[in-house]
Amino acid sequence: SSGINAEDGGIHGISGIQQAASSKRWKINNIQHFAVPEDVSTLNVTKELEMIFKSESRIIILNCGAAAAGQVLQQAEVFGLTNSGYAWVVTDGVTGNFHDLMLHNVRHKLFGTYLQGLLGTMPATKDG
């Protein structure tokens, strides 16, 4: 598996995933980081996605906000990283703000196949 992490998405999110993976003896092939610009529509993660593509990982964990996730997933679709045989797991930055991902799609008239089969973590509640 591979991880792709927005620098403003919290490095702790991806390190928590690394710890959990290590305890289960799951292998994380590589981790890519990217900065989210103020105008999310200009986000370009081509280099990071190319590294993931070359790693031949089939499970990709995306740790960022929902608006950035829309851009990342749209670009990943171009690489074929959202085709059958790949699984994307998004963290609570997306699942807790899914309306932002959907709003991004409505604004840009994007309803790519990347939304099909997307898995996500459940956001923590005040009850833990």
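**View 1. The largest nonpolar core of this predicted model has 19 residues.** A nonpolar core here is a set of buried Ala, Val, Leu, Ile, Met, Phe, Trp, Tyr and Cys residues joined through side-chain atoms within 4.5 Å. Buried means under 20% relative accessible area, with exposed over 50% and partly exposed in between (1.4 Å probe, protein chains only). Look for Phe34, Leu49, Leu62, Val72, Leu81 and Trp88, the residues with the most contacts inside this core. At least two core residues come from each of helix H2 (46-55), strand S3 (59-63), helix H3 (66-79) and strand S4 (87-90). Helices (H or I, at least four residues) and strands (E, at least two) are DSSP runs, numbered from the N terminus. In soluble globular proteins, nonpolar side chains tend to be buried together.

The ground rules go here. Residues are numbered from 1 along each chain as its sequence is written, and side-chain values use heavy atoms, leaving out hydrogens and water. Since the model is predicted, local features need pLDDT of at least 70 and side-chain atom pairs count only at pLDDT 80 or more, while totals for chains, interfaces and linings use all residues.

**View 2. Helices H2 and H3 cross at roughly 50°.** Their axes come within 10 Å; axes are lines fitted to C-alpha atoms, for helices over the stretch in contact, and angles run from 0 to 180 degrees between N-to-C directions. That angle makes H2 oblique to H3, as angles under 35 degrees count as roughly parallel, over 145 as roughly antiparallel, 65 to 115 as roughly perpendicular and the rest as oblique. On the H2 side, Thr46, Leu49, Glu50 and Phe53 make the contact, and they meet Val72, Gln75, Ala76 and Phe79 of H3. Contact means heavy atoms within 4.5 Å.

**View 3. Glutamine 75 sits in helix H3.** Is glutamine 75 buried or exposed? Glutamine 75 counts as buried, because its relative accessible area is 17%. Leaving aside residues up to four places away in sequence, glutamine 75 touches Leu43, Asn44, Val45, Thr46 and Leu49.

**View 4. Serine 57 lies in the loop between H2 and S3.** Serine 57 has 2% relative accessibility, so it counts as buried. Its side chain makes polar contacts with the side chains of asparagine 29 (3.1 Å) and serine 55 (2.9 Å). A polar contact is a pair of N or O atoms within 3.5 Å; within protein, one must be able to donate a hydrogen and the other to accept it, and residues adjacent in sequence count only if both atoms are side-chain atoms.
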